[in-house]
Amino acid sequence: FYLLLLCKNEKGREEIKMKLESVVVSAAINFGLAIFILSLFALLKKQPFYAPIYYARRFYLGHRNVPDSDHRSFSFRRLLPEIDWIFRAVRVTEEEILQNCGLDVLVFVRLFKFGIRFFLVCSIVGLLVLLPLNYTGSNGPNTSSHSMDAFTISNISRGSDRLWVHFSFLCFVSCYGMYLLYKEYNDIFIKRIQQICNRRCEPEQFTILVREIPFCNEHNIRGCNVDHFFSKHHPYSYQSFEILYDGKHLDKLLCQAKSLTKKIEDLRHLSALKKHSRYDAKIEQLEDMLQTLGREIRRVQCRMTIEQKELPVAFVTFSSRWGTVLAAQSQQHTNPLLWITEMAPEPRDVIWQNLAIQYRHLPLYRIVILVAASLLTIFFVLPVTAVQGIAKYERLKKWFPPAMAVDLIPGLRSIVTGYLPSAILNGFIYIVPFAMIGLARLAGYISRSKKDLNACNMVFYFLVGNVFFLSLLSGSLLDQLGESFSHPKDIPNRLASAVSSQADFFVTYILTNGLAGFSLEILQPGLLLWDTLKFYTWDRGKKKHPYVYSLPYYRIVPFVALCMLIGIVYAVVSPLLLPFLVGYFLLGYAVFINQIEDVYITTYETCGLYWPYIHHYIIVAIILMQVTMIGLFGLKAKPSASFSVIPLMVITILFNEYCKIRFLPTFNQVSVQDAKNNDDLDKKDRLEEENVRKALDAYSPPCLRPLDLGLEGTSSTKPFLSPT
């Protein structure tokens, strides 16, 4: 309604109304879906039957104060949707998140807060200054074929001095973004140091990972060589070591044992449910098989058997953090490919099977994964181009004449061109994070955190290449190439409107990704259907267990970063897009605070290592915005403004380099000063021996740990080996 009031006459109102019809229809559909899905979630969340889905974290951690637990007896209140989860999410403080979930989760939440603060200020300035300026920039009524061109920079006349206002806003957006980035980086930098200090009892602070361990010439094994090497070169801090073994055969036996245990439990449950004794013979047979398998596991765990399969990898424990840091961050041998050291990941974060991959083969693994990710990106060119073909209805009618039948049904064209392209695109790219995490799993990373970080990077650049650049090119330039070659003098004008002409598509994309995407995230329809199917089929009558999952950073962070990139690039070009970003981040913040509180658990803690990646994504967006404006100012016959952007870009790059020098080393390494200060705190609190003792027992390989197979009175569950 506000946009219609801006039109100068009735003809202009009708013109802009028709142009905005697709965007309005898409917004209406997305708002309707979001209200329906959120209402359904608010209703199902109150049902005790679905508590293992919507309160999984609380059940897993043993919290008794599960919200709405007083509704276990039927009442009509359970049939009324409530929005208490929104108010509960708003009341959560950063200190509570840091204490209960860790710094990684807080960094994730700060990403949404950054988006809210940044786009709220930019929206206010853009709507009050640039929007009226853009609309009144043309000498006559706007007759552009694109719905939002009247409110974008493309409506400004060539050579107009009004473009200096856009340049000023560009400087404001860039400087305000860098100010917020520095403030966030510095704050998270301080919190990281504090978090490491608060986690002084964690075993990874006393342990390093050593790879490429050579054989001992005297005994022809690697274990004694580790002890000799570190006793000689780190005599004052070296404590002990845990050599790793090739336990593939043992892992298979353990999987078989778990499978047999599961079958026995299912048969016992079935026997108790149907009150039949015909399953007793089968249960006894499986128990005998399990006992035999337990004895085989015992035999394989014997030292004389397993020592033949030593890996050139060991976890080495030190008596102080100072000694640990010195050993992890220094070259141990003249040959840099021997005795390679690094800080050990958390015990729960280790991917044990990847430690068997030789260190020298890792670059080959990474190259293969990079090629596979590139091929996946190229493969997705086809669906993205097809989506843009649907969005450009006039072009679609030329390519596919039966599509003209859409005009026969009133309103259907707006749905097809407005909502359908963004919905199809979101559906296609939904599988991308899962494909990328699968590729990252094959890349040989030793920890889940590194695997997730690598998947984050691959998904982000995939989205930037396919969703942003390819949508821009296929939707705005390829359909004009023929006319551009016929009229070369018009190329600058066509290129100038290329970016702004896709503003309406990106509005619908953000609406679909935000309203529908965040709503489906909190409802979890896939898990809901799976749980219902299990309950009424093979798990009928069994006690329900919570569905516990970790926060999928690799699936959420890249999509949020992409929407932030779109908003930053279009901040000067089309300020009408900015309010949609504010709503996007507000809804995302409320949804994920609820998920963090009630659903997702913390499976590893990197102490804020995600923020340097997020910082990089935002810097890429700011530079991309500046490059875009250099081209647009040039195409608008304002070369002086284009040249003026170059110093701003240089400042942005220098700012990024300063942040790398100032903050990044502390995220990649631990300073000797911090390590020594934490050691002094341990001495003061008399926690030295206790912390080292925890570290000695923390890195025992899973294949050598005690496994309860339900064989009481036997020794098959006791491993022969114990940590060295």
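Two strands are taken to pair if DSSP finds at least two bridges between them, and helices (H or I, at least four residues) and strands (E, at least two) are DSSP runs numbered from the N terminus. The model examined here is predicted, so to speak of local features requires pLDDT of at least 70, side-chain atom pairs count only at pLDDT 80 or more, and totals for chains, interfaces and linings use all residues. Residues are numbered from 1 along each chain as its sequence is written, and side-chain values use heavy atoms, with hydrogens and water left out.

Buried here means under 20% relative accessible area, exposed means over 50%, and partly exposed lies in between (1.4 Å probe, protein chains only). Helix α10 (residues 223-233) has buried residues too, namely Gly223, Cys224, Asn225, Val226, Phe229 and Phe230. These pack against β1, β2 (238-245) and β3, where contact means heavy atoms within 4.5 Å.

On a 1 Å grid over the protein atoms alone, a cavity is a set of points where a 1.4 Å probe fits but cannot get out, a pocket is an open set with protein on both sides within 12 Å along at least five of seven lines, and lining residues have an atom within 4 Å of a point. The second largest pocket holds about 1,100 Å³, a volume being the space filled by probe spheres set on the points, which are joined across faces, edges and corners. Its lining comprises 37 residues, with Tyr430, Phe434, Glu521, Arg555 and Tyr600 nearest the centre. Helix α24 supplies the largest share of this lining, 7 residues.

Residues lining the largest cavity include Val105, Ser550, Tyr600 and Tyr604. By class, this lining has 7 nonpolar, 3 polar and no charged residues.

Note on methods
Ala, Val, Leu, Ile, Met, Phe, Trp, Tyr, Cys and Pro count as nonpolar, Asp, Glu, Lys and Arg as charged, and the others, Gly among them, as polar.
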